[in-house]
There are 2 protein chains.
Amino acid sequence: MSSTRPNAFYAQSGGVTAVINASAAGVIETARQNPDRIGTVYAGKNGIIGALTEELIDTSQESAQTIAALRSTPAGAFGSCRYKLKSLEQNRREYERLIGVFKAHGIGYFFYNGGGDSADTCFKVSQLSQSLGYPLQAIHVPKTIDNDLPLTDCCPGFGSVAKYVAVSVLEASLDVRSMAATSTKVFVMEVMGRHAGWIAAAGGLVAQQDIPVVILFPEIAFDKDKFLARVDALVKQHGYCSVVVSEGCHHPDGTFLAEQGMRDAFGHAQLGGAAPVVAQVVKEGLGYKFHWAVADYLQRAARHIVSATDVQQAYALGRRAVELALEGKNAVMPTIERISNEPYEWRIGSAPLEKVANVEKTMPRGFISGDGFGITDACRSYLLPLIEGEDYPAYRGGLPVYATLRSQLIPRKLAPFELA
Amino acid sequence: MSSTRPNAFYAQSGGVTAVINASAAGVIETARQNPDRIGTVYAGKNGIIGALTEELIDTSQESAQTIAALRSTPAGAFGSCRYKLKSLEQNRREYERLIGVFKAHGIGYFFYNGGGDSADTCFKVSQLSQSLGYPLQAIHVPKTIDNDLPLTDCCPGFGSVAKYVAVSVLEASLDVRSMAATSTKVFVMEVMGRHAGWIAAAGGLVAQQDIPVVILFPEIAFDKDKFLARVDALVKQHGYCSVVVSEGCHHPDGTFLAEQGMRDAFGHAQLGGAAPVVAQVVKEGLGYKFHWAVADYLQRAARHIVSATDVQQAYALGRRAVELALEGKNAVMPTIERISNEPYEWRIGSAPLEKVANVEKTMPRGFISGDGFGITDACRSYLLPLIEGEDYPAYRGGLPVYATLRSQLIPRKLAPFELA
């Protein structure tokens, strides 16, 4: 590293996705293409925690082939974490540590790859160059399967989950349809999405293929009687019905159908189990034989059935983040701007982080059908391009070949640091 | 139809799979290639029930392209059912009705595509030509994701579920590994398999990729303390651990972990929910943060990630069933015979139905590791060829294109029949 070529720090944050490593590949490959401007890209082991503990993975030790293979490798190749920095006033010690580590390793660029909470952290870090007097540019690379970041048309990770959900609901519905005459009549599938129903909405795409489906969105309070009436009508008409329930589906009083009483590091309720609750409601209310599935991590890890559009956008946003840094920007996030639906065209824009942090974009009411159980044509037009295209990993011996990193840490220069 | 060319009846039975329609394509295409010997193939609407109710789908109304497309369409294209014929003594009425329908429509071949219960039904039907004096050849086409039929090396449907499970466990494990430092440490995935652990065993294939995984087989009674000790050791060593639990996993007293108190038409317990039970055991015993998934129908409907080997074998068995009929055979089932593991070579054999019906092939103890929580090299060598190869469906607009049949019923000739 030379003093005229700052090094870069890259970290993955929050829940991982099937395409977050494609963004990592975009960051690292673009940095490598600018050796006169950027030194080494160090990746935080387990996200921002790696910066605090001075556990920095030297990505220059990874071959070009390995970095390229990240494009088709799911989950967080460098490790991610759920760890939210408090405000500078509340935890000055951590920010000073960050600056200490960055200074010790000549880091001038901070690329943070995450969702809403991470955008907030990234924004705080972007302000450090002023408040703590260390020159640093912080760029946020958007990522969240929840698709709930503002100012971007969509979020990398979402399109692939949407494709997984639509394909899975289609396939399981064909299964149920095959046997409904004598067996299961109602199939319930639980999907992720705590506050925003984007993922559940993807299940609605199968309605075009004449599959009867009821969506339970977190945006719409659960109305048991209305729900049972809708399911009953569909079963009477089609012989069966599929239900896609968001983990964030809640009763009118705000309690989740799936509440388990646990909370994660960000204080979010730990959910899981809305599907069996809904299945039980169907059984008790209508007596139909049911089956239920909970996709959980399978949906966001499913690199084997990603959307090609999603992979391309994840990579492009990683690439653009580096370009923005080289253009001297700070406190920004590259975004997806939709130009048209048919044909689908998009370009990369950018948004000030200040306006991104802590804003949650839920489904517009106009995307949810009048009865609250389906999606509108506008929603369909929005979703379809995002699940377009297949991008299969290579296989060996029947299993996908995913990148294996050396993940070599650079030698520590500072004293150990205790996490709060 | 001419009197010298008997028609054929084909029906799908029991739980459907991602490749049962490939067997249907094998039957129908092979019959079409022998127009001098076989008239029309009629498919039972919703399986054997369609024969009893005289709801016969005229497959000659389907184009060659549609029949070919069945090869890449999941679930039961003609409908399936869970309906077990009792013995001739117990329910002579139903057998006489079957013969009545077959006689009315010139049916001389009976192809029954199912698992163990269906093999039993097929065997009973094969004996009718003697006992009720109607000339009929009954051939069973094996199909079951449970892989529990005897006398065949494997069963169509299984290889694809095994691939789905192995790929899903691999992907979800990478997800957990990414975040284990601050988040979920134990991931539990429930898979099908009531009495045989073949499907759960497929989860063990990821151990080769350095993924710590614990398998809970139905063949091994659940030992809570031993299980917790194993999970704890793996978490301490790797930082995380995945658990694959069979729906048939049971306590030493024989009660299922997932018992819901419901039973299906065959008297089998209706299961679901072993994963949350196991997750709870982990939480209470070790305190680790957990997540759980229940794949349910997704695993057996997942045409998007089938094994190419499985598709080929499903098709070949359908084809061979017709050839066996043309060779004058009755009461037989074409089987898969394994010639070698490396390279994997197989051929089609056949077995007398008498020896297939009502025999359940569970995992050999030599396929389960000494501690009961993993698979042996012998099991790995058995499983790997079965998940080999990818066979993707076509996609349009981001979703798979699955065959849509006309499913035209032929006119009824008989009086209505009331099912028992």
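This is a predicted model: local features need pLDDT of at least 70, side-chain atom pairs count only at pLDDT 80 or more; totals for chains, interfaces and linings use all residues.
The relation between the chains is considered first. Two copies of a chain are related by a rotation about an axis and a shift along it. In this model, chain A is superposed on chain B by a rotation of 180° with 0.0 Å of shift along the axis, and the RMSD is 0.0 Å. That is the relation of a two-fold axis. Of the residues of chain A, A:Val294 comes closest to the rotation axis, its C-alpha atom lying at 2.4 Å.

The contact between the chains takes 58 residues from chain A and 58 residues from chain B. On the side of chain A that touches chain B, at least two residues each are supplied by α7 (158–179), β11, α11 (297–301) and β15 (399–400) of chain A. The most is given by α7(A), with 13 residues. By class, this side of chain A divides into 33 nonpolar, 15 polar and 10 charged residues. Of the interface residues of chain A, 100% are also interface residues in chain B, so the copies meet through the same surface.

Two packed helices are described by the angle between their axes and the distance between the axes. In chain A, helix α1 (residues 20–32) and helix α12 (residues 308–326) pack at an angle of about 35°, and their axes are 7 Å apart. The crossing of α1(A) with α12(A) is right-handed. From α1(A), the residues that meet α12(A) are A:Ile20, A:Ala22, A:Ser23, A:Ala24, A:Ala25, A:Gly26, A:Val27, A:Thr30 and A:Ala31. Their partners in α12(A) include A:Val311, A:Tyr315, A:Leu317, A:Arg319 and A:Glu323. The contact of α1(A) with α12(A) has 13 nonpolar, four polar and two charged residues.

In chain B, helix α1 (residues 20–32) packs with helix α12 (residues 308–326) at an angle of about 35°, with the axes 7 Å apart. The crossing of α1(B) with α12(B) is right-handed. Among the residues that make the contact are B:Ile20, B:Gly26 and B:Val27 of α1(B), together with B:Ala314, B:Gly318 and B:Val322 of α12(B). By class, the contact of α1(B) with α12(B) comprises 13 nonpolar, four polar and two charged residues.

Two further helices illustrate burial and helix geometry. In helix α5 (residues 116–126) of chain B, 11 of the 11 residues are buried, so the helix is largely enclosed by the rest of the structure. The buried residues of α5(B) include B:Asp117, B:Asp120 and B:Lys124, as well as B:Ala119, B:Phe123 and B:Val125. The elements of chain B that cover the buried residues of α5(B) include α2 (48–52), α4 (92–104), β4 (107–114), α6 (128–131), β5 (137–142) and β12 (332–340).

Helix α10 (residues 274–286) of chain A contains 13 residues, which at 1.5 Å a residue should span 18 Å; its end C-alpha atoms are 18 Å apart, in agreement with that value. The buried residues of α10(A) are A:Ala274, A:Ala275, A:Pro276, A:Val278, A:Ala279 and A:Val282. These buried residues pack against β6 (186–191), β7 (213–216), α9 (224–238), β8 (241–246) and β11 (290–294) of chain A. After α10(A) comes A:Gly287, which has a positive phi near 75°.

Several backbone features occur in loops. Most residues other than glycine have a negative phi, and most peptide bonds are trans. The peptide bond from A:Glu342 to A:Pro343 is cis, with omega near 0°, and A:Pro343 is found in the loop between β12 (332–340) and β13 (345–352) of chain A. In chain B, the peptide bond from B:Glu342 to B:Pro343 is cis, with omega near 0°. B:Pro343 is placed in the loop between β12 and β13 (345–352) of chain B.

Positive phi values are found in two residues of chain A that are not glycine, A:Ala331 and A:Asn358. For A:Ala331, phi is near 55°, and the residue lies in the loop between α12 and β12 of chain A. A:Ala331 is buried, with 20 other C-beta atoms within 10 Å. For A:Asn358, phi is about 65°, and the residue is located in the loop between β13 and α13 (377–383) of chain A. A:Asn358 counts as exposed, with 11 C-beta neighbours inside 10 Å.

Notes:
Residues are numbered from 1 along each chain as its sequence is written. Chains are lettered from A and ligands numbered from 1 in the order in which they are written. Helices (H or I, at least four residues) and strands (E, at least two) are DSSP runs, numbered from the N terminus. The expected span of a helix is 1.5 Å times one less than its number of residues. A residue is buried if 20 or more other C-beta atoms lie within 10 Å of its own, exposed if 12 or fewer, and partly exposed in between; C-beta atoms are placed from the backbone. Two residues are in contact if their C-beta atoms, placed from the backbone, lie within 7 Å. Axes are lines fitted to C-alpha atoms, for helices over the stretch in contact, and angles run from 0 to 180 degrees between N-to-C directions. A crossing is left-handed if the near helix is turned anticlockwise from the far one by less than a right angle, and right-handed if clockwise. Ala, Val, Leu, Ile, Met, Phe, Trp, Tyr, Cys and Pro count as nonpolar, Asp, Glu, Lys and Arg as charged, and the others, Gly among them, as polar. Copies are superposed by least squares on the C-alpha atoms of residues with pLDDT of at least 70 in both.
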